[in-house]
Amino acid sequence: MTTVSEKNNGVVVAVETTNTNSNESNTLVNEGNKLILTKTVYNTVSKKYDTKVAEVPLGVGNSNIQTVKVTYGSWKYTNIAIGKSALAFTLDWVGPQAVVSKLATIFRVSAKVANGFIAGLALNTAGFGDRIANYLDKNHNGWIGLYQRWKKDTSFKNGLVAQNITYTEWKTE
């Protein structure tokens, strides 16, 4: 996804998203007095890309532009998994306060905030390990697998790269 915004106030004036698997894209451009919506899709019958354009009247300027481009890698399995029952047992054994402490450290919040999160989910009662393990086992196969992908945020000012940040995102299945 690429976003173009006004330099001084950050108002978004254009957005483009592209599906890297199909090369289909959507763009939304603010030309000051109108929005131009463009959708490009692959036509499986003609074996060509079709483009559809629509215009919507609007009154927002488009000067002082900066661009932010966000690129994602694909999700990859890390070859790290733990059995759902083993995780539930471990969480029950260490207790809710150890989980609160670890959440506070990971998310850089106070123990009070982390405890509120645990309490809000009613996880500070007996069997909280089962509830957490069941939540993390998204595909319900009895294993909690760890997946990762990279995300790269690149911002451009005056046509030059102003900032380039790459970091890792995580999920479980």
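A strand here is a DSSP run of E with at least two residues, numbered from the N terminus. The views below show a predicted model.

**View 1. K47 in the loop between β4 and β5.** K47 is found in the loop that lies between β4, residues 34-43, and β5, residues 48-57. The phi angle of K47 is positive, about 60°, although K47 is not a glycine. K47 has a relative accessible area of 57%, and because exposed means over 50%, K47 counts as exposed.

**View 2. N79 in strand β7.** N79 has its place in β7, a strand that covers residues 76-83. Although N79 is not a glycine, its phi is positive, at about 65°. Is N79 buried or exposed? The relative accessibility of N79 is 65%, so N79 is exposed.

View 3. K76 is found in strand β7. The relative accessible area of K76 is 52%, which is over 50%, so K76 is exposed. Which residues does K76 touch, leaving out those up to four places away in sequence? K76 touches L146, Y147 and Q148.

**View 4. The pair K76 and L146.** How many residues apart in sequence are K76 and L146? K76 and L146 are 70 residues apart in sequence. In space, the distance from the C-alpha of K76 to the C-alpha of L146 is 8.7 Å. L146 is also one of the residues that K76 touches, with contact meaning heavy atoms within 4.5 Å.

How values were computed:
Residues are numbered from 1 along each chain as its sequence is written. This is a predicted model: local features need pLDDT of at least 70, side-chain atom pairs count only at pLDDT 80 or more; totals for chains, interfaces and linings use all residues. Side-chain values use heavy atoms; hydrogens and water are left out. Helices (H or I, at least four residues) and strands (E, at least two) are DSSP runs, numbered from the N terminus. Buried means under 20% relative accessible area, exposed over 50%, partly exposed in between (1.4 Å probe, protein chains only).
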